Amino acid sequence: MTLVRTYKHLGTDLKGLFEDIIKEITKEPQLNIVSEMRGEIKGVPMMSVTASRSKIPKILVGTLREVTVTITGVPDNYLIEMHVGEWLRSLVLPHTDPIFLVGPLTGLVSVGSSGLLAATYGRELKLKIKELVKKHSKSDYTDDKIETIID
Amino acid sequence: MRRSRPSSKVNKMPFIRKYKDLGTDLDNLYQDIIKALQQEKDLEIAKENEGLINGVGFKSVTAVRASLPRAVSGTLREVTVTIAGVPDDWLLELHTGSWFGNMILPGTGGFLIAGPIGSAAAAGTTTLMAAQYGRKLKNQIKELVKKNSGKPYSADKVETFID
């Protein structure tokens, strides 16, 4: 799951926003921050944080594997990318049974177990980032200032 | 700026293969894959997970970019390789992630970037692109599977799923 949003004319404190996003990711006990980058690329500020699952999940298919949030641009014209990675997503086939595996690998699935699922986490983080953008922006958050691109 | 639909194909590179009846030494294969990742100077190993999930052997390694790239869009951000199963029935997943891959629009002169970060994109610079690296690593892994398998590698023992 990858989500990119462009934000314009919000006057956002991007450093404050980035720090709050890191705090939000750190709240999830099953994630560890493994990479943080801050700098400029061709004169454009960029900040990026990646967190990876801290230990083996109870199930595999669809479980959260890593998350990366990247901010690039300036307060009135920037992008946020959120990537949420999961294990073996392309093995979830559109059959009657939600997941289809044959042989000893079936144990990886355990449908219904309470794992930290990427889709659930991605949705929660996306909503949290929206609130954080509002918190750190001087101008009102309105639809005409935002464009969403979802992969 | 040329306007067209963003190309999701540029960004997505999860790749899964299912292997059967190869008698593969999964421990050695995993170690060889880690060595292959370490050969790329722009990457550093960030996380390794090994153990069992419901009795099934599982190993996963994630490498992340060691420093800021010179360009953003499509540049390699992280790689995760996961192996799960037993020597005669196992899966391998290869994920290569890139920054803003879905902001890349195909154009006649290569790639054009939608949005405010055109200068950060710098399409055409000599940087480590996720798609290129993913292809190279996929081929390396194929050779490593052959090397670490006790039985001959053939197409009928392999099934590929591409996201």
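Guide: A residue counts as buried if 20 or more other C-beta atoms lie within 10 Å of its own, as exposed if 12 or fewer do, and as partly exposed in between, with the C-beta atoms placed from the backbone. By that rule, buried residues make up 41% of the 151 residues in chain A, and 44% of the 163 residues of chain B count as buried. This is a predicted model, in which local features need pLDDT of at least 70 and side-chain atom pairs count only at pLDDT 80 or more, while totals for chains, interfaces and linings use all residues. Residues are numbered from 1 along each chain as its sequence is written, and chains are lettered from A and ligands numbered from 1 in the order in which they are written.

Visitor: Why is Tyr78(A) called buried?

Guide: Tyr78(A) has 24 other C-beta atoms within 10 Å, and the rule asks for 20 or more, so Tyr78(A) is buried. Its place is in strand E5 (residues 77-86) of chain A, where a strand is a DSSP run of E with at least two residues, a helix is a run of H or I with at least four, and both are numbered from the N terminus.

Visitor: What makes up the secondary structure of chain A, and what that of chain B?

Guide: Chain A has 2 helices and 6 strands, which follow the pattern β-α-β-β-β-β-α-β along the sequence. Chain B comes to 3 helices and 8 strands, running β-α-β-β-β-β-β-β-α-α-β from the N terminus on.

Visitor: Which residues touch the most other members of the largest nonpolar core?

Guide: A nonpolar core is a set of buried Ala, Val, Leu, Ile, Met, Phe, Trp, Tyr and Cys residues joined through C-beta atoms within 7 Å. Of the 66 residues in the largest one, Ile21(A), Leu60(A), Leu108(A) and Ala84(B) touch the most other members.

Visitor: How do you know what Ile21(A) is in contact with?

Guide: Two residues are in contact if their C-beta atoms, placed from the backbone, lie within 7 Å. Leaving aside neighbours within four places in sequence, Ile21(A) is in contact with Val49(A), Val69(A), Ile129(A) and Leu132(A).

Visitor: At what angle do helix H1 and helix H3 of chain B pack?

Guide: Helix H1 (residues 26-38) of chain B and helix H3 (residues 130-147) of chain B pack at an angle of about 150 degrees, with their axes 10 Å apart. Axes are lines fitted to C-alpha atoms, for helices over the stretch in contact, and angles run from 0 to 180 degrees between N-to-C directions.
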